[in-house]
Amino acid sequence: MKKLVIFDLDGTLLYTIEDLGQAANYALERNGYATHSMASYPYFVGNGVRRLMTRVLPEDARDDETVDRVLGDFLEYYDEHCTDYTKPYNGMPELLQDLRDMGVSIAVASNKYQKAVDKIIPHFYPDIPFIAIEGHREGVNVKPDPSVVFAILAKAQVAKADTLYVGDSGVDMETARRACIDSVGVTWGFRSKKELVEYHADAIVNNPVDILDIVENGIRIS
């Protein structure tokens, strides 16, 4: 049985895309750039907020000065509104509680900046004792660099073989691969099942409850 499950945040633990999109559109409009539909934002996110700002800007406006300015406006808005439309995915609160009842440690590994992670996770999961809540910090590479996973493993004192990584994107599957831990891709998030397959997810699930079987019995190779 696995002893530690590490969860991605955006698109895995929480539906966050609308708050991210609202903040990005606010920053774009404030700086005179065209905004985007909410439907387009799942394809912009995944590598941290600076990369998000770069992607939503026109190609000829992606210089560092412009990105810095628009990012500042994004952060100002998102810091105040990051819980407006965000919500847990159906079944996720129950899954986390079941894992804790089984004695499994749980942690968060996100490319979202640390200040936002520290606000969002306790807001939506106030009664869940995460062993680590790791967001992006200055000077630390974003996923798929596995540094955030290694930091969690060091805190938890759990072996890689006893750890499971759960996420919704190719970035997450690549993070797990680079960290040499088993991966589970979830289909309720922001990216497609096809992407999860292409990035070699060890297992793919359609419902949070399906993760319990993998934690208890391992990944079955068909």
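The largest nonpolar core of this predicted model comprises 54 residues, and those with the most contacts inside it are Phe 7, Phe 74 and Ile 211. Such a core is a set of buried Ala, Val, Leu, Ile, Met, Phe, Trp, Tyr and Cys residues joined through side-chain atoms within 4.5 Å, where buried means under 20% relative accessible area, calculated with a 1.4 Å probe on protein chains only. Helix α1 (residues 17-30) gives the most to this core, with six residues; helices here are DSSP runs of H or I with at least four residues, strands are runs of E with at least two, and both are numbered from the N terminus. Among the residues that Ile 211 touches, leaving out those up to four places away in sequence, are Phe 7, Leu 95, Val 184 and Trp 188, contact meaning heavy atoms within 4.5 Å. A second, separate core of 15 residues includes Ala 107, Leu 153, Ala 156 and Ala 179.

Ser 169 lies in the loop between β6 (163-167) and α7 (170-179), and Ser 169 is buried, with a relative accessible area of 8%. Apart from neighbours within four places in sequence, Ser 169 is in contact with Arg 191, Glu 195 and Leu 196.

Residues are numbered from 1 along each chain as its sequence is written. Local features need pLDDT of at least 70 and side-chain atom pairs count only at pLDDT 80 or more, while totals for chains, interfaces and linings use all residues, and side-chain values use heavy atoms, with hydrogens and water left out.

Key: Buried < 20%, exposed > 50% of the residue type's maximum accessible area, 1.4 Å probe, protein only.
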